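Welcome! Here is a short briefing to read alongside the sequence and the 3D view.

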Amino acid sequence: MTTSLKKILKSIAIIAFIATLADGCRKQAQTVSHVIILGFDSMSARDVQRARTPNFNRMIENGAVSLHTRCVRETTSSQNWMSMVSAAPIEMHGVLNNSWKKDDAQNLMPALRNRIGLFPTIFNLIHEQKPDYRQHAFIEWAGETRMYDTEVFDSCCVFREDPDLHEKMDVMKKAISTYLSDRPEMMFVSMDITDHAGHTFGHESDQYLSTVSQMDSLTGILVSELEKRDWMKNTVILITADHGGIGFGHGGDTMEEYEIPVIVFGGRTTKGKVMKRTNMIYDVGATAAGLLGVKLPWECRGKFLEEAFESADSDVYVPIPLVRPFSGSAKGTISIADDAEGAEIYYTLDGSNPDTNSTQYAMPFSIKAPTCIKSIAFRKGCYSDVAVNYLSPACTDPPVSYKLYTNISERQLPDFTKFGKPDAAGYVENFSLEELGLANEDHFAILFSSNLIVEKDATYAFEMKSDDGANLYIDGELVVSNASAHSRKPALGKIRLSKGRHPMKVEFYEDTKVQDLTIRCSIDGEEFRPLINSDLDK
Ligand SMILES: [Zn+2]
């Protein structure tokens, strides 16, 4: 080896050493004595932006936010809670889905095992590496605890299987009062109330967004109490979710379901930092562990969210606008709002992407034809994501006939041909349950019929979400089948159609609990959009 090569290698080694040291020093500077994880089931990154959340907004202004953190596939609860609190992906921890049970012979073996044979959570790691640290957990969904070694918590408050609304709100209230009296080093709160609201009312509904606002208010109480005690400089609060949601559910592959928010507030978090990198849900657990100075085993692939502590730039948080009504037919005027003070809203009605040269929103407006409204918020030189809403004018002659059959005993899609007189019948604007007021009903079936108007020869792809089962027919041909039911995943189907009218029929049945029917279409490979009343004729 030549001397100069030796010199180069030596200097590389020194640089590497300095880098390690710097990393260690920086981590040191980021650590705090207390971490709180507030997880809201099913609260998507978009939900946080759309809902009125003055407290979250203040935490974002004074902390960091990521709107592009992804949960793992599929977008349901168990494997995502586990990924969050183990700082590891599914393939390592082995909780594959919501039907996962401990000690099932079918299970994927966890890559590491704790005392009770499960993949360790960060709570296990904290317990081992920081034996003096106190940890409290408040878990609203009892099923979640089957994945964790709850013995490591100093207290683990689990709520009964079907708590009422008061009890649900009490989870957060109880967590706050316990925290203030005992100030544990780690507190984990997992709230299910948001998921319940999503399934019952739909993620885009006022009722759902007001549930997010309630969580915001309770979080505001916690933060102001901590600030009063001057605890925030030693505490980091991480606000996040297990997965997102769209319409009445989750489990599919849309960005609304994948993207969850991560708000990092307190300690030495950079004020007003908008994180740009795409993170994973297991980075949340890794960050919580890193903040407490807890080391992760090799098998944990979560990364510390360095970006939340990096120097600030000129980007500011601009929530996506909220258009009302959100979709379907606009019976009155259309309004657009934004949950950021001083945000200007711009929109287009011709499908083009809006910017500050587009029409500035000033007051509610109406439309005369089916319209794709694209809107954007602008604040301090920064844009929000673009909101896309498909709306059509209210129709005077609803195009879809329906026949409703109640007291259906079958637990699958029934044979409609054997039914006699329906219990109710009439016309609605769309293949949907919205206008029928059946939100609290169970055991019914509906036969919807209309005609699809096809403007030119084209290939139509349909995406149908149904809970419970449904079949979609065009020209008597079964195009989409979701008859096996109990699924919130969309079913897809395609058909080539010639210009003209095509009889379209949807059979739907509801067994129990949540119900939903949503149909979207894509013509010749274009983006999926909701089917609207003007696509249909009596
Ligand atoms: Zn969930």
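**A strand with two parallel partners**

Strand β1 and strand β6 (residues 235-240) run parallel and are joined by 6 bridges. Please keep in mind that this is a predicted model.

**More about β1**

- Strands of a sheet pair through backbone hydrogen bonds, and the pairing can be parallel or antiparallel.
- Look for Phe40 here: its bridge partner in β5 is Met191.
- Is β1 buried or exposed? In β1 (residues 34-40), 7 of the 7 residues are buried, so the strand is largely enclosed by the rest of the structure.
- Both faces of β1 are covered. On one side you can find His34, Ile36, Leu38 and Phe40, on the other Val35, Ile37 and Gly39, and all of them are buried.

**Two helices that meet**

- Two packed helices are described by the angle between their axes and the distance between those axes.
- For helix α3 (residues 54-61) and helix α9 (residues 206-228), the axes come within 7 Å and cross at roughly 50 degrees.
- The two helices, α3 and α9, are therefore oblique to each other.
- Which residues make the contact? From α3 they are Pro54, Asn55, Phe56 and Met59, and from α9 they are Asp216, Ser217, Thr219, Gly220 and Val223.
- Sorted by class, the contact of α3 with α9 has 4 nonpolar, 4 polar and 1 charged residues.

**An open antiparallel sheet**

- Strand β26 (residues 516-523) pairs with β27 over 2 bridges, in the antiparallel sense.
- To find this pairing in the 3D view, look for Arg520, whose bridge partner in β27 is Pro530.

**How confident is the prediction?**

- The mean pLDDT of the protein is 91, and 93% of its residues reach 70 or more.
- Residues 12-26 have a pLDDT below 50. Beyond near neighbours in sequence, this stretch has 0 contacts in the model.

Conventions: Residues are numbered from 1 along each chain as its sequence is written. This is a predicted model: local features need pLDDT of at least 70, side-chain atom pairs count only at pLDDT 80 or more; totals for chains, interfaces and linings use all residues. Two strands pair if DSSP finds at least two bridges between them. Helices (H or I, at least four residues) and strands (E, at least two) are DSSP runs, numbered from the N terminus. Axes are lines fitted to C-alpha atoms, for helices over the stretch in contact, and angles run from 0 to 180 degrees between N-to-C directions. Angles under 35 degrees count as roughly parallel, over 145 as roughly antiparallel, 65 to 115 as roughly perpendicular and the rest as oblique. Two residues are in contact if their C-beta atoms, placed from the backbone, lie within 7 Å. Ala, Val, Leu, Ile, Met, Phe, Trp, Tyr, Cys and Pro count as nonpolar, Asp, Glu, Lys and Arg as charged, and the others, Gly among them, as polar. pLDDT is the predictor's confidence in each residue, from 0 to 100. A residue is buried if 20 or more other C-beta atoms lie within 10 Å of its own, exposed if 12 or fewer, and partly exposed in between; C-beta atoms are placed from the backbone.
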